[in-house]
Each structure stands twice: as structure tokens, then as C-alpha cells.
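Good morning, colleagues. I would ask you to keep the structure in view while I speak.

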Amino acid sequence: MAHDHDHGHDHHEHGVGHGHAPANFGKAFAIGVALNAAFVVLEVVYGLASNSVALLADAGHNLSDALGLGVAWAAVILAKRRPTSRFTYGLGGSSILAALFNAVFLLIVTGGLTWEAVQRFYEPQVVGGKTVMIVAACGIVLNGVCAWLFASGSKNDLNVRGAFLHMAADALVSLGVVVAGFIILMTGWHWIDPVMSLIINAVIVWGTWSLLTGSVTMSLNAAPPQVDLAKVRTLLLGLPGVTGLHDLHVWSLSTTEVALTCHLVTPDAPCSDETLFHAAAELKEHFGIGHVTLQPERAPSSAHLKAMHDHG
């Protein structure tokens, strides 16, 4: 049996959510939480003063991000905990739960803000356009900086990607609010405020969908999309002495780590350690699979023979 747990960062990246993320985003999470929490207070105060549902929506969105970033930050810390006798893989899976929580929470908050915007059509209110523009413009700068902090890891870690999407979405929200404030200031069309809220909410839902589906499939131990099982099977069957395989499983341990287990049928002679370590290195290099467990066996059981036959 060969069991490879090399966590080096020199393998190729092969898709969103499974390459190793840059070293440590702890500082980025801390800055993001602090800035968003402070800005929420500012937006609530001026949102109420200007009577803008769009500005209050932006505050609600920033609040969801502050909470979401807090959860994601906790997941980063938990993911570094060493394995225990109970959690034998460690707590890296908490990053998947954090990504799922962020997606669901963002969609729920967006739904609530959409409902509030719709109510404004029935009860139109005067909005202070100038105040809305100034505060929202500050939000563009703040959220742009926060998004930049997470940009480098957004392609390699679903959890960091969730944080990046939240910050980018907030910058987009703030831009929309600035536009709404300008139109209201120039035309006096106060219905623009809820309309802009609905447009922005729709964009946020569209952008969050991939985060939701990605975290759900990871939670269900689905094979990562960048791992072609047919090619993995071909690679393993090409090993010297291997005539068949069964119980091939590939799943995500966290938002950055992928695991594989497989039984290799070697009727003539067991695979050498060199062959198994080479296979583990190839799986990591070509598919980003860092946790590889291969079990050679002289002959499969009758049940496994049937399974092998059914799967070709």
C-alpha cells in the first residue's frame, strides 16, 4: 500500500476550488471583517438619514459579508488543526461548510432585500440622492480594496473565492447605488432606488450560484470537476503489473485538497514501492490529487470482479 500526503505547492493547478491557495489569508480576513463592520454602521446611519432602500440594502449586504468572512476566517484556522483520533483528516472540511454557509446566507439576505425593494414600489419615499452617492462611493473603494486582498486565491480555493465574490459583489452593489443616487439627484425619480436594488440583487444571485453548487457537490463527496476519472483509470491501469482496479473513489477533503483511494489488481506480482510512489506523483501532477491511497491485491473478490465487469 502506498499513501502519499505531500502538501507541496509545485503541482499544476487544474480548476477552481482545488489548487493549493497562497500561504495565509488570515490577515486579509481580519481586515475584511473590520472594514465591513465599520462601514455597515456608516451605511445604516446615512441610509436612514437619506431614506434610501438601496443604501440600506448595501448595508445589509456588507453585514452579510462581515459575518460570512468571519465564518470563512474561522474555517481557515480550523483547517490548520492537526488530525486527531476522531477527526483523522483534520478539520479541513470546515472550509467546505463555510463556503456553503456563505452562499446560502448571501442568497437569503438578497431575498430579504429584494422583498424590501418591491415594497417601495407600493410605498414610494423621497430619497436623498447626494448623500447616497457619497456614502456608496466610499463603499466602492472599501470593497474594491477587500476584493483585491482575496483576488490571488480566488481561483484556487472555493472558500477564498467565496470571500472574493462577496467583496466584488459589494463593490458592484455600491456602484449601482452611486448610479441610482445620481439619477435621483438629476431627475427626482425616486423609484430608481428600488429598481437599482432589484437589478443588483439579480446580478448577485447569478454570481453566487456557482459558489452554491460547488460547495454542495463537495459536501456530497462528488468527484471534483477538474478530475477526469476516465483518465485517472487509464493512468492506473497503465502501471506495470496492474490488470484491473476497483473501488476507485475521488473526493474533496477541503476546498483545496483532493483525495483518492483505489484497489489495484496485480495477479502476477505486487507493485513495487517505486511504482506506487510514481503513480501518486503522477496523480498529483496531472490531477491535483494530494492524498493518494493505493492498495495492490493479488486477486479481487467475486463481488469486485462483478463490479469491475459492470464498469468495464
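Phe101 has a relative accessible area of 37%, and is therefore partly exposed. Phe105 is likewise assigned as partly exposed, at 23%. Please bear in mind that this is a predicted model. Phe101 and Phe105 sit four residues apart in helix α3, so about one helical turn separates them.

A search of the whole structure returns two aromatic pairs. In one of them, the ring centres of Phe101 and Phe105 lie 5.5 Å apart with the planes at 20°; because planes under 30 degrees apart count as stacked, this pair is stacked. In the pair formed by Trp189 and Trp191, the centres are 5.8 Å apart and the planes meet at 15°, so this pair is stacked. Trp189 is partly exposed at 43% relative accessibility, and Trp191 is partly exposed at 47%.

Let me remain with helix α3, which spans residues 94-122 and contains Thr110. Is Thr110 buried or exposed? With a relative accessible area of 2%, Thr110 is buried. Setting aside residues up to four places away in sequence, Thr110 touches Asn201, Ile204 and Val205.

Ile204 brings us to the largest nonpolar core, which has 29 residues. Ile204 is among the members that touch the most other members, together with Phe29, Leu55, Leu69, Phe150, Met167 and Val177. Helices α1 (26-50), α2 (53-79), α4 (129-151), α5 (158-187) and α6 (192-219) each contribute at least two residues to this core. Which of these helices gives the most? That is α5, with nine residues. For Val177, neighbours within four places in sequence aside, the contacts are Ala54, Leu55, Asp58, Val132, Ala136, Met196 and Ile200. Apart from this core lies another, of 21 residues, including Val242, Leu264, Leu283 and Leu294.

I turn now to the strands. Strand β3, residues 258-265, pairs with β4 in the parallel sense over seven bridges. Within that pairing, Thr261 has Thr293 of β4 as its bridge partner. Together with helix α8, residues 273-287, these two strands make a right-handed β-α-β unit. Strand β4, residues 291-297, is mostly covered, with five of its seven residues buried.

Finally, the cysteines. How many disulfides does the structure hold? The number is zero. Cys262 is buried, at a relative accessible area of 2%, whereas Cys138 counts as partly exposed, at 41%.

Thank you for your attention.

Key:
Residues are numbered from 1 along each chain as its sequence is written. This is a predicted model: local features need pLDDT of at least 70, side-chain atom pairs count only at pLDDT 80 or more; totals for chains, interfaces and linings use all residues. Side-chain values use heavy atoms; hydrogens and water are left out. Buried means under 20% relative accessible area, exposed over 50%, partly exposed in between (1.4 Å probe, protein chains only). Two strands pair if DSSP finds at least two bridges between them. A crossover is right-handed if, with the strands pointing away from the viewer, the path from the first strand over the helix to the second runs clockwise. Contact means heavy atoms within 4.5 Å. A nonpolar core is a set of buried Ala, Val, Leu, Ile, Met, Phe, Trp, Tyr and Cys residues joined through side-chain atoms within 4.5 Å. A disulfide is a pair of cysteine sulfur atoms within 2.5 Å. Rings of Phe, Tyr and Trp (its six-membered ring) pair if their centres lie within 6.5 Å; planes under 30 degrees apart count as stacked, over 60 as edge-to-face and the rest as tilted.
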